[in-house]
Amino acid sequence: MPKRIVVPFGPQHPVLPEPIHLDLVLEDELVVDVVPSIGYIHRGLEQLVQKREFTEYVYVAERICGICSFMHALCYCQGIEHIMKVEVPDRAKYLRTIWSECSRLHSHLLWLGLFADGMGFENLFMRSWQLRESVLDVLEDTTGGRVIQGTCKVGGIRRDIGQEKLDEMHRALDPFEQQCRDLGDVFLNDETVKYRLQGLGVISKDEAYTLGAAGPTLRGSGVAVDLRETGYAAYGDLGFKPIVETAGDCYARCAVRVKEVYASIDLIRRAIDGIPEGPLDVKVKGAPDGEYFSRVEQPRGEVVHYLRGDGTKHLARARIRTPTLANIPALVKMLPGAQLADVPVVVLSIDPCISCTER
Amino acid sequence: MTMNEEQTTTSVALEDLVGEVGRLHDGGYRLVQIGCTDIGGSYEINYSFDKDYQFKNLRLTVGPEAEVPSISGIYWGAFVYENEMHDLFGIPVTGINIDFQGTFIKTAEKYPFSVTRRGGDRCRNA
């Protein structure tokens, strides 16, 4: 029997923009066990609800993560609106959907670039991030912020997108989609990419489901769960079917994200076509008194904001369960059997966002 | 309303927890999260499950000295939430499949991020 050794992976590693630590138990170069640990950037953001009024906490929620920032704010606002029985105007719902899908686009393109970098495919990395820049430009044009948008608030949104700008975005979607399809074609059909990803980090449908995995990690194993199907924001009007792959390997998780890029472009196009005129927000009176588990589909999967108010301006509790935390058990199961050189690619395949996870 | 999913919350006794979780597992529910809330002198622990977007929540209320049985024998991935609950709130959870003994979340500060309540706790951060 080969001698077992433990190799620390992280918290600082070239493929990890954020710190997570894995103790890899190896037999020669083969991974046989994994022990994860987190906590290097734990910020105690949940506890800040006791010091910020519930309307101000939107800004904190948006800063939980620098990639899916808008969707954290959306999830929080939807939870408070449910507790306070606030009906958001339809135009606000559509604009929330457009910004959510822009966020998903730039997150997936960011990930595709990082994944290509992890595989050693440098010009694919640069091309992915080049396309991501055009999405960030749209976010900056329409909200004023590339990373933190600050447009979501309890009761609606703070900022409109004029018809001229919406038309401009619509016109830009066709050439942008073609560029994304050209990029996706490399990820989906290039023999080198396939050779590197297929059969690697496999997790079965049953395992992914019972381990509580989320997002593309879950859908890449054949489980059709996507919270957008519940119809929050404007998804109920637009209609949506989850993107699913069945192989459960790194290639399948990559394919789900590539196809979700196309789906996001389609959703933005249909949201622009169907956006109604009307007010952007409603006035919110009083304070939340009650509780709700608010759920939204982020790029990495389902995020849960548990919110509890006691009728005062400060919430009694906010508990945020992020998709990366839910995907850690799946990662622990998918790494054994991989070679040490493949560990970075497998880790990246769950699209880890540690800033979210730590809160 | 903004959201249209159904959510139910059911209180569960400490001795019935594992059995109830087992029934949900057999019924095809997936574990969404386990979260803890300090309600002043005791703790409320929410075990959340989902099946076809039907959100079910089991609510356990325990005193500060109560030991909570792990559900990681049923849902293997529960260890992340149970270790988090232990590290952030000091809830003793027995029988976790991967028990980090207080080192899952590596915080430099003992308080409020780790166990300070129980002198005999095995937690290495304490």
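Chain B runs β-α-β-β-β-β-α-β along its sequence, a total of two helices and six strands. Helices here are DSSP runs of H or I with at least four residues, strands are runs of E with at least two, and both are numbered from the N terminus. Keep in mind that this is a predicted model, in which local features need pLDDT of at least 70, side-chain atom pairs count only at pLDDT 80 or more, and totals for chains, interfaces and linings use all residues. Residues are numbered from 1 along each chain as its sequence is written, while chains are lettered from A and ligands numbered from 1 in the order in which they are written.

Let's stay with chain B for a moment. Of its 126 residues, 40% are buried, a term that asks for 20 or more other C-beta atoms within 10 Å of a residue's own; exposed means 12 or fewer, partly exposed lies in between, and C-beta atoms are placed from the backbone. Among contacts in chain B between residues at least 6 apart in sequence, 43% link residues at least 24 apart. A contact means that two such backbone-placed C-beta atoms lie within 7 Å.

Now turn to the partner chain: 29 residues of chain B are in contact with 30 residues of chain A. On the chain B side, two or more residues each come from β2 (30-38), β3 (43-51), β4 (54-62) and α2 (79-89), and β2(B) gives the most, with six.

Finally, look at A:Y40, in the loop between β3 (30-37) and α1 (57-62) of chain A. A:Y40 is partly exposed because 18 other C-beta atoms lie within 10 Å.
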